[in-house]
Amino acid sequence: MIWGIFKRDMCHATRNVIAVIVSMGLVVVPALYAWFNIAASWDPYGNTKALKVAVANNDKGYKSDLIPVRVNVGETIISTLHANDQLDWQFVKSDKAIDGVKSGEYYAAIVIPKGFSADMMTLFSPDIKHAQLKYYLNEKINPIAPHITDQGATTVVNTIDKTFAKTIAQVGLDLASSILHYSQSPQMAEYMRNLNGNLTTMADTLSGASQQVTSYSQLLGSANDIVDSTGKLLASATKAGKQAQNALKQGKSGATSLTSAGANVTSSVNTALDQVSGAFDQVAAKVNKAFDAIGKGSDTAASQLATLSEQISSGESLYDTYITSLNHMRESVEQLPDSDSAKQALLEAIDREITLLEAAKGDSQKLAQQLKDASTQVTQDTAAAERSRKEILNRITSAKQSISNVRDDYATNVKPKIDALASTVSTLISQTDSMITQLSGTADGLDDVTGDVGTNVTSIRSTLGAIAKKLDSSAATVKKLITKLETGGNAGDGNSDGGDGDNDADSGESDELRALATANASTLSTLISAPVALHRVSVYPIANYGSAMAPFYTILSIWVGAIILCAMLKVTISDREKAHVLGLGDTLPRIAGPSGPGNASRWGLRLDHEYFGRYAIFALLALLQGTLVCLGDTYFLGVQANHALQFLAVGWLAALVFSNIVYTLTVSFGDIGKAVAVVLLVMQVAGSGGTFPIETLPKFFQMLYPFLPFPHAIDAMHAAMAGSYGNEYLLDMVYLALFLIPSLLLGLVLRKPVIRLNNWVSRNLESTKVM
């Protein structure tokens, strides 16, 4: 039955030329719909050169006081845009640019304000301002054009940013390179040596200053202790002054006694020295007497000489006593103030007196030794004894002369100075008495001052300690700088002595700086202006925008083709056709009842036979539509299709599913079903995700998305074009095929209850004579 219906439909469709032309049109029209849309959107963003965008430059430029070079960023922008063919840039005045946007002559306009360069250069000042471009946009001309011109404006802004950063970086690198070359010149080497010398002096000065400040702090610490005790000392100053005055009175009396004592000492010294001199005369007589007795008795002469030797040795203690007294006197004189003019002269006189006494003492010792030696010689050799007597007598004469020298020097030098000292002490005592009297009167006034002084000294010491630390830190910093400069200089000279790790690191840094400064400044400045480059890695790449939009327009055209088929072809079978299929002639018997679906079931032509029999020609034409549009996409337009057979299979399955859905709606609900098919078409155009990502659509479409056939068909076609991830293609094909289940369920099962309702609706529409 199904085959019979299909054969008669094919015969009717090819009966005449008009029928063939219409059938061909039913196949071709959907393909033309897809091809025109795909070709129109093949490369829209690559054909923006005709979009007119006005550019007006009002920038006055900028010239700083520091660098006498005029900077005009606006002119740089204009020069850059002249070489940019992304849009049709129109360089006009600002008034014409704004008016052109309003009139529609330009899609957009960019106006560079007067202070644009000045605002950009505020980057190097504390008051930074954002340089702003004025961007005028006509949004009513075209919905897509504003987005394209926005991209162009963004390109201008990015170009400005990169150009500005590149210029600043290039200037800095050129300056660094010039400095590096200059640093290697002999003049720079001389400057560095002078700088190191000055820095070394500065570091030493800072260290010395720190030590001085520390010493001042310690001195103030000692002074603080003195100040603390000064209060107590001043409190007892009055009492001590009185005691000092009493002591001075006694000292004055002692000074008077000193003069008398000096006279007495002089008399005693003279007497003692005269006695020693007389004793030497007696020793000379005894020596002569002893030597004269040699002939009479050698033993007696030896005994006498030995006795004389012992007597002279015992007399040496007088010299020691006198020398000790002079040393005590010298110690007393040393305690006098250095400003006393008599002090040094008296010290020199006492030292000379001590020297003379030491010489006299030495002569006595030698005399005693010679007498001792002579006592042993007289018994042995008479001739030698005679020689010893002459030597002893000469030694006695020398010792006697030494004593005379001591006596004369004392009388000439020591005695007058002792008298002068006594006079000076008396005068000093009188002056000191007056000073103590004044000090006693002042002590009470100073008592209250010491407390405040101690507090202030503590505060000053804290401040000085902080200053000393700062000075030490500054000195260390300067020394570190000197080390860095010396290391940098050595690295610059290319010297390598196998130094420590720090030197190696500094040398490495210097080498890196040299490599940076000697590199291509333009390349480095470009890197600095755009340090991050976007490396685009396409996953499942699509050749062009037309190929990317091909699945959407192809699937859409297949649905449109299904609607056209239902609009042009009859979905119901007439009773005459049923009779011919059943072999009953031209009409069904009257027993069949009113014309309609299922009225020939008693003769074996069931409702499902009618459904599939008439749908067969719909399916055939739908498959031809899908085949033509897919082959045209691939081989006529050149749409990317990495898997051409899979691409064609999606078109075939979509043609069967879509034609069946539209056919079922039309068979079940008549013209209302066609309207529902159009509504589904509109819903799927908006909610299929074919143009915008489904995530960007309203919530309603996101919820409806999985229950529409378009998304699955488009995804399957994308997988066939660019590649499939796992079983993505097969799953989408299965999901698309599942839509046949509700369609067939409606056409074969749920259709029966609504047949009478559909017939009633059709009769009422025909009764209007309009519908």
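User: By its relative accessibility, does Phe 552 count as buried or exposed?
Analyst: The model is predicted, and local features need pLDDT of at least 70, side-chain atom pairs count only at pLDDT 80 or more, while totals for chains, interfaces and linings use all residues. Residues are numbered from 1 along each chain as its sequence is written, and side-chain values use heavy atoms, leaving out hydrogens and water. Buried means under 20% relative accessible area, exposed over 50%, partly exposed in between (1.4 Å probe, protein chains only). Phe 552 has 4% relative accessibility, so it counts as buried.

User: What kind of aromatic pair do Phe 552 and Tyr 553 form?
Analyst: The structure holds 10 aromatic pairs. In the pair of Phe 552 and Tyr 553, the centres are 5.3 Å apart and the planes make 65 degrees. Rings of Phe, Tyr and Trp (its six-membered ring) pair with centres within 6.5 Å; planes under 30 degrees apart are stacked, over 60 edge-to-face, the rest tilted. The pair is therefore edge-to-face.

User: Which residues touch the most other members of the largest nonpolar core?
Analyst: A nonpolar core is a set of buried Ala, Val, Leu, Ile, Met, Phe, Trp, Tyr and Cys residues joined through side-chain atoms within 4.5 Å. The largest has 62 residues. Those touching the most other members are Ile 555, Trp 559, Phe 618, Phe 658 and Tyr 663.

User: Which helices each supply at least two residues of this core?
Analyst: Helices here are DSSP runs (H or I, at least four residues), numbered from the N terminus. At least two core residues come from each of α1 (2–13), α2 (17–40), α16, α18 (607–637), α19, α20 (671–687), α22 and α23.

User: Which residues of helix α23 are buried, and where do they lie?
Analyst: In α23 (residues 728–737), the buried residues include Tyr 729, Asp 732, Met 733 and Leu 736. Seen down the axis, the buried residues fall within an arc of 100 degrees (taken from the directions from the axis to the C-beta atoms). They therefore line one face of the helix.

User: How far is the charged end of Arg 602 from the ring centre of Trp 603?
Analyst: A charge sits over a ring if NZ of Lys or CZ of Arg is within 6 Å of the ring centre and within 35 degrees of the ring normal. The charged end of Arg 602 sits over the ring of Trp 603, and its distance from the centre is 5.8 Å.
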